[in-house]
Amino acid sequence: MNLSAGDAGNAGGAGDGRDTGEPHAYRSGELRIEVRRTGPVRIVSLTGELDRDSADGLRTALAGLPEEGLARILVDLAELSFCDSTGLNILLRARQEAEPAGVRLELAGPRPVVVRLLAVTGADTVLRIHPDVAVALAAGNDPPSPAGPDATGPGGPDDPGPTARERP
């Protein structure tokens, strides 16, 4: 189902607490967003470019807390080709808004250009980052590990290291 960003909240399924498993997709500028629910996890998959012009769609997809039975919001970045400071700020703000409701916001599968943005800004120290959605879902509701050599994501055992990251 394709909706405008403004209609996303009225789509049902992902935002209404029901675990339908049905994905809800919509476009906002150069960003395609798919929202689905798997048990206690809302998965928000991003495809394209996340910037000032497409940010409203992500704000809409991340809104709606508290949601009955929701433990985590997993933002799948595997198909995100670009993210600017506006997109990063939305992710960080959503994390802050989710925490009081007992919901963790986590990231999965960022491409090297996004990994670099997270590392340069220090966001990788406050956001739990998984190599992909499958690993994130397998991690379940384990408490996040601290950043460092044992952490998942940049700097952790799943991190390919600086040689695999894109350079400016």
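In α3, the residues Val 114, Val 115, Leu 117 and Leu 118 are buried (under 20% relative accessible area, 1.4 Å probe, protein chains only). They lie on the same side of α3, because they cover an arc of only 160 degrees around the axis, taken from the directions from the helix axis to the C-beta atoms. An α-helix has 3.6 residues a turn, so residues three or four places apart point the same way. Helices (H or I, at least four residues) and strands (E, at least two) are DSSP runs, numbered from the N terminus.

The model is predicted: local features need pLDDT of at least 70, and side-chain atom pairs count only at pLDDT 80 or more, while totals for chains, interfaces and linings use all residues. Residues are numbered from 1 along each chain, and side-chain values use heavy atoms, without hydrogens and water.

The cover over the buried residues of α3 includes β5, α2, β6 and β7 (128-130). After α3 comes Gly 122, with a positive phi near 85 degrees.

Eight of the ten residues of β4 are buried, so β4 is largely enclosed by the rest of the structure. Its pairings (at least two DSSP bridges) are these:

| Strands | Bridges | Direction |
|---|---|---|
| β3 and β4 | eight bridges | antiparallel |
| β4 and β5 | nine bridges | parallel |

Ile 33 stands opposite Leu 46 in β4, and Leu 50 stands opposite Cys 83 in β5.

Leu 62 is in contact (heavy atoms within 4.5 Å) with residues including Val 44, Val 75 and Leu 105, leaving aside neighbours within four places in sequence.

Definitions and conventions. Buried < 20%, exposed > 50% of the residue type's maximum accessible area, 1.4 Å probe, protein only.
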